[in-house]
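Good morning, colleagues. Please look at the sequence and the model as they come up, and I shall then go through selected local features.

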Amino acid sequence: MKTEERTYFIRTFGCQMNEHDSERLAGMLEAEGYTPASSTEDASVVLFNTCCIRENADTRLYGNLGHVKSIKDRQPGKKIVVAGCLAQKDRSLIQRKAPYVDVVLGTHNLSSLPRLLRDSEAGPSFEILEQTETFPSALPTRRNSPWHAWVSISIGCNNSCTFCIVPAVRGREESRRMGDIVSEVERLLDDGVVEVTLLGQNVNSYGRDLDGTPMFARLLYALDDVEGLMRVRFTSPHPKDFRADSVRAMAECGVVCEHIHLPVQSGSDRLLKRMKRSYTQGRYLDKVRMVRDAIPDVAITTDIIVGFPGETEADFAQTMALVSEVRYDGAYTFQYSPRPMTAAADMPDHLPKEVVQERYERLAALQDEIAIERNARHLGETEELLVEGISKKDPGRLTGRTRTNKLVHFPDDGATEGTFRNVLITATHPHHLEGESVDAPVETVPAASTSRMSLPLVATTATSGCSSCS
Ligand code: SF4
């Protein structure tokens, strides 16, 4: 690293919300004249955007910080920044445990990054706020993809699921004005975006704080009217708030993809009550039936926690029965681990690790069997894919996603990412499909913004689902 260079490297942990926040943090740094670096070694600013959902998140952070400190000892001008949920939760602890960190900021004050970096010239600069000062969407963004964009529709959560730390670190729910969301999507289309994913901790309660009633269905209809937009996805809806008007909007709006991630967490009514999920297995199944009646080809995925405190074999049998009945296209299954600042962490009857592991393996085996059966339905069908780029495992193949969010690999025929391909499905597996393209690519993105490789702007260990989002 040359001392006069202004370069940055961001490592992101956690969910899509954090990935999107990292795009904002990168955008602000670029607005200040910083350019991306390819490694922590080469960057004048190294930023960790942290997550506190996973077990041992702090151990991993301090391990990463220790590594960068050893580089900073050789490069004294290097700045180390810690942002995100763990910073919000741990506050001054980071200052005490890692005094060499230059800047700490929380989830509510992303916009303070440039000022805090400037202030750090005079010494460590730490700021954690309790409320969001600027809705993150108002900040500049450096998107990771030219053709896909995350769009925040709300931040925070008013629920109190007993396993979840999100309300403690992201605050009360705050919805964004619908006109602002639609305007942002229109601007994104001008930049070459064809697919947007609407983000919120509980997208179905979107708008309740604006005019007293949820407005998510109205938002879907408004986006369906945006000319040129090809696909809309969203994550995540809370089952208790997933209403008939949203299902109708999904069915009626051609732009909304036929996929819903509906986190169930458990099949046991007793555990759902302990989790404070506000629905029963029966009411959840009613919602699933409502979706399948309206959208027969819909793909349904979920999150499930195995080994929640007090889970008995009978409770777990209820989860297995529910999974067998719903027949999910995919499930993110998690072994329960206590998270500080959550009610469940203080509950009695935490389960031995080996019991949780054995149940987890049984559930994973069942879900794999079901996923094989669900994916086999697509054999011989032609699917429209949005091409995502070159396959990570096989450079001779491309990867794309169906409207139902299934990953498909097919031989590289020169298609660029962000364009559409019709692909005949020739083989199916539990977690992906294979196919062969059957027509010429439909170019939908301006040539200037397409590429054969995605740019590694920020390193990420983000997951595509987590047990703490609805
Ligand atoms: S799991 Fe989802 S709905 Fe429940 S408190 Fe966490 S963010 Fe809110």
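**Asp-224 and its surroundings**

I begin with Asp-224, which touches Cys-253, Gly-254 and Val-255 when residues up to four places away in sequence are left out; two residues are in contact if their C-beta atoms, placed from the backbone, lie within 7 Å. This is a predicted model, in which local features need pLDDT of at least 70, side-chain atom pairs count only at pLDDT 80 or more, and totals for chains, interfaces and linings use all residues. Residues are numbered from 1 along each chain as its sequence is written.

Asp-224 and Val-255 are separated by 31 residues in sequence, yet their C-alpha atoms are 5.6 Å apart in space. Asp-224 belongs to helix α9; here helices (H or I, at least four residues) and strands (E, at least two) are DSSP runs, numbered from the N terminus.

**Domains**

The domain assignment of the protein gives domain 1 (7-133), domain 2 (141-376) and domain 3 (382-449); such bounds come from an automatic or database domain assignment. Between domain 1 and domain 3, the C-alpha centres are 35 Å apart.

Helix α1 covers residues 16-31. Its 16 residues reach 23 Å from the first C-alpha to the last, close to the 22 Å expected at 1.5 Å a residue; the expected span is 1.5 Å times one less than the number of residues. Of the 16 residues of α1, 12 are buried, so the helix is largely enclosed by the rest of the structure. The buried residues include Met-17, His-20, Arg-24 and Leu-29. Just after α1, Gly-33 takes a positive phi of about 100°.

Helix α7 runs over residues 178-190, and its 13 residues should span 18 Å at 1.5 Å a residue; the end C-alpha atoms are 19 Å apart, which agrees. Which residues of α7 are buried? They are Ile-181, Val-185 and Leu-188. Seen down the axis of α7, the buried residues fall within an arc of 60°, so they line one face of the helix; the arc is that of the directions from the helix axis to the C-beta atoms. The face turned away from the buried side of α7 carries the exposed residues Gly-179, Ser-183, Arg-187 and Asp-190. The cover over the buried residues of α7 includes β7 (148-152), β10 (195-199) and α9 (216-224). α7 is followed by Gly-192, with a positive phi near 105°.

**The sheets**

An open sheet of 3 strands has the order β12-β13-β14, with parallel pairing; two strands pair if DSSP finds at least two bridges between them. β12 (259-261) and β14 (330-335) stand at the edges with a single partner strand each, so one side of each has no neighbour in the sheet. β12 is joined by 3 bridges to β13 (residues 299-306), and His-261 has Thr-301 in β13 as its bridge partner.

In a second sheet, 5 strands close into a barrel in the order β15-β16-β17-β19-β18, with mixed pairing. β17 (residues 407-411) and β19 run parallel, joined by 2 bridges, and Val-408 has Leu-433 in β19 as its bridge partner. β18 (residues 420-428) pairs with β19 in the antiparallel sense over 5 bridges, and Thr-428 stands opposite Leu-433. β18 and β19 form a hairpin with 4 residues between them.

In a regular strand the side chains alternate between the two faces of the sheet.

**Backbone features in loops**

A cis peptide bond, with omega about -5°, joins Thr-235 and Ser-236. Ser-236 is in the loop between β11 (231-235) and α10 (244-252).

Gln-265 has a positive phi near 75° although it is a residue other than glycine. Gln-265 is in the loop between β12 and α11 (269-274), and it is buried, with 26 other C-beta atoms within 10 Å.

Asp-349, also not a glycine, has a positive phi of about 70°. Asp-349 lies in the loop between β14 and α14 (353-376) and is exposed, with 10 other C-beta atoms within 10 Å.

Notes: A residue is buried if 20 or more other C-beta atoms lie within 10 Å of its own, exposed if 12 or fewer, and partly exposed in between; C-beta atoms are placed from the backbone.
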